[in-house]
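Me: I have a structure to go through and have not looked at it before. Can we take it piece by piece?

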Amino acid sequence: MASRSGPAPVLLLDVIAMDGTSYHWGSTAIDEAPIYPSVLPGTPPTAWLAGLANPPANYDTHYFPWLLSASGFNQTRAMRAVSASISVQNVSGNTLQRDLAGLLSARTFEGALYCFREFNLVKKEAEFEQHGRLTLNSEGERICTFGASLLFNPNDYDGQPFTVSETCQWNFGDRRCGSTAANDGAFSSPCDNTYTTCHQLNRFGGYLNTVVFPTNPGTANVSENRVEYRRLV
Amino acid sequence: MSQLEVLNPTPTHPLNPDYGFQKKRPLTHLNAKGNQGPAYFREITDQGHQFSLNWIDKLAHDARRLKWYYEQFRKGFFTIIDHEGGGRHYVGRFTQPVEPVPTSHNHWSIQQVTFDEMPGAPMLIYPNNWQEDAIWECLLNDWGDRETAAVSGTWTLAADALARSGYHFANGGTVVTDQAAYVYAGYGFQFWAPTGPAYGQATILLDGTSVGNVDFYSANATPAAMLLQQQNVSLGIHTVTLQPLNTKNAASSGRTILWDALKVMR
């Protein structure tokens, strides 16, 4: 980016972990609200902050310079699910405990919401912004790498797990069926997995259709329009 | 066979390597730096010094003796003395074969032999040039990040003009299970801290074993001074722990203890 015009943009990453704690990491240390407003303010990790020698005055407007690189962000017209890669340093901390390793072991970052921005220092605006969810790809001695997926990712959706059928797919008497009728040896009580024999209609596990086939069609049921089929042979 | 075996006990010993030889110190730390951020640092291994030694134009029996040192100590260690470098001892072994090459009748040369210092090995004389070889390991690094860990209990960071670090890390001193700790890579250490009329006493542990007590009391507020020195420590990654004793000098008006700085032998 810098090779084309102006200074290199600052990279900013806002994260909300699954417990609601938020993190603001940048490629440089920033403490200049409202020029760099964090877009995902949340609950500060108070225990970790208390251990810092110089905690920021306002946690939600401070970006710790932990972000090493971010790449692979793609935007396409297709619904391709792309995953970017975000690298965060895992070196800082006191001599006993690394900052990031401590946070990763204390919080759940798998599925954490993120907002990544490239911020143009000259224009004071974000040139690029993407929201999504994080997954922890690797935690190394020096660098921790997150995968960054888009919020809209059809691959994450479960498909219909059951067969589309007019017959019910529950086993008679199980929790989903809900019938408490005795399943005796004479097969008098169990259903036939059909709607008409269902004991618990409100839990019927089939797909109903509204087509009715009259058993004795009358003249009114028969089309009298003349159709001429034109065939090649 | 151990550190008691000295390759070159005197400055005129024939097995002294040719001076000066290359002295390397392999990287023992990690760095990580963002585009415009600070360079974070972390010590991770305890590798020692590495020398590249030459012996030019030695007699045959000297060459044989050097070869014996390689063979004998492939899985052990011996002592080599850097007589030109102030007589400092190093304990380690040759990690590459000693291969004498004839240069003339009964004369041999041995070149590019690597001597690797072995962490954890005991020494005849531990490094003791605190003025030139030791480094400061302060409470805060130059970026202002605290490097001493509060393992348990309440430790309060405060600016202190009398402290070597410019700050101190204070504990009330009444709970004997409270601990602050620092991990370093090196040999021995010195514990430095300011003293004053309202401070108590503490014990210092090295790798979990007490190595002595320190008294932070002095009649007047006094700038940081060495309160404890532990010199005879093998090369390695070591943890220094400060733990209150819940005791004080009879004249002291308090039991507060302080962490300020370590001076670590490298």
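Me: Among contacts in chain A between residues at least 6 apart in sequence, what percentage join residues at least 24 apart?
Reply: 53% of them do. Two residues are in contact if their C-beta atoms, placed from the backbone, lie within 7 Å.

Me: What should I know about the model and the numbering?
Reply: This is a predicted model, in which local features need pLDDT of at least 70 and side-chain atom pairs count only at pLDDT 80 or more, while totals for chains, interfaces and linings use all residues. Residues are numbered from 1 along each chain as its sequence is written, and chains are lettered from A and ligands numbered from 1 in the order in which they are written.

Me: OK. Which elements does chain A have?
Reply: Chain A has two helices and seven strands. Starting at the N terminus, the order is β-β-α-β-β-α-β-β-β. Helices (H or I, at least four residues) and strands (E, at least two) are DSSP runs, numbered from the N terminus.

Me: How much of chain A counts as buried?
Reply: 24% of its 233 residues. A residue is buried if 20 or more other C-beta atoms lie within 10 Å of its own, exposed if 12 or fewer, and partly exposed in between, with C-beta atoms placed from the backbone.

Me: And β1 of chain A, mostly covered or mostly open?
Reply: Mostly covered: β1(A), residues 10-16, has six of its seven residues buried.

Me: Which strands does β1(A) pair with?
Reply: One partner is β5(A), residues 113-120, antiparallel over seven bridges. Another is β2(A), residues 22-26, also antiparallel, with five bridges. Two strands pair if DSSP finds at least two bridges between them.

Me: Which residues face each other there?
Reply: Leu12(A) has Arg117(A) in β5(A) as its bridge partner. On the β2(A) side, Leu13(A) is opposite Trp25(A).

Me: Changing topic. How are the chains divided into domains?
Reply: Chain A has domain 1 (10-156) and domain 2 (158-215). Chain B has domain 1 (22-117) and domain 2 (134-265). These bounds come from an automatic or database domain assignment.

Me: How far apart are the domain centres?
Reply: Taken over C-alpha atoms, the separation is 50 Å for the two domains of chain A and 35 Å for the two domains of chain B.

Me: How many residues of the chain B domains are in contact?
Reply: Six residues of domain 1 of chain B contact six residues of domain 2 of chain B. The domain 1 side has one nonpolar, two polar and three charged residues. For these classes, Ala, Val, Leu, Ile, Met, Phe, Trp, Tyr, Cys and Pro count as nonpolar, Asp, Glu, Lys and Arg as charged, and the others, Gly among them, as polar.

Me: And between the chains, how many residues take part?
Reply: 24 residues from chain B and 21 residues from chain A. On the chain B side, β2 (29-33), β3 (39-43), β10 (149-152) and β13 (179-186) each supply at least two residues. By class, that side has 13 nonpolar, seven polar and four charged residues.

Me: Which sheet do β10 and β13 of chain B belong to?
Reply: An open antiparallel sheet of five strands, in the order β10-β13-β18-β15-β16 (chain B). β10 and β16 (209-215) of chain B are at the edges with a single partner strand each, so one side of each has no neighbour in the sheet.

Me: How do β10(B) and β13(B) join?
Reply: Through three bridges, running antiparallel. Ala150(B) is opposite Ala180(B) in β13(B).

Me: What about Gln112(B), buried or exposed?
Reply: Exposed, because Gln112(B) has 10 C-beta neighbours inside 10 Å. Gln112(B) is in strand β8 (residues 107-117) of chain B, and its phi is positive, near 55°, in a residue other than glycine.

Me: And where is Asp207(B)?
Reply: In the loop between β15 (201-206) and β16 of chain B. Asp207(B) also has a positive phi, near 50°, and is partly exposed, with 13 other C-beta atoms within 10 Å.
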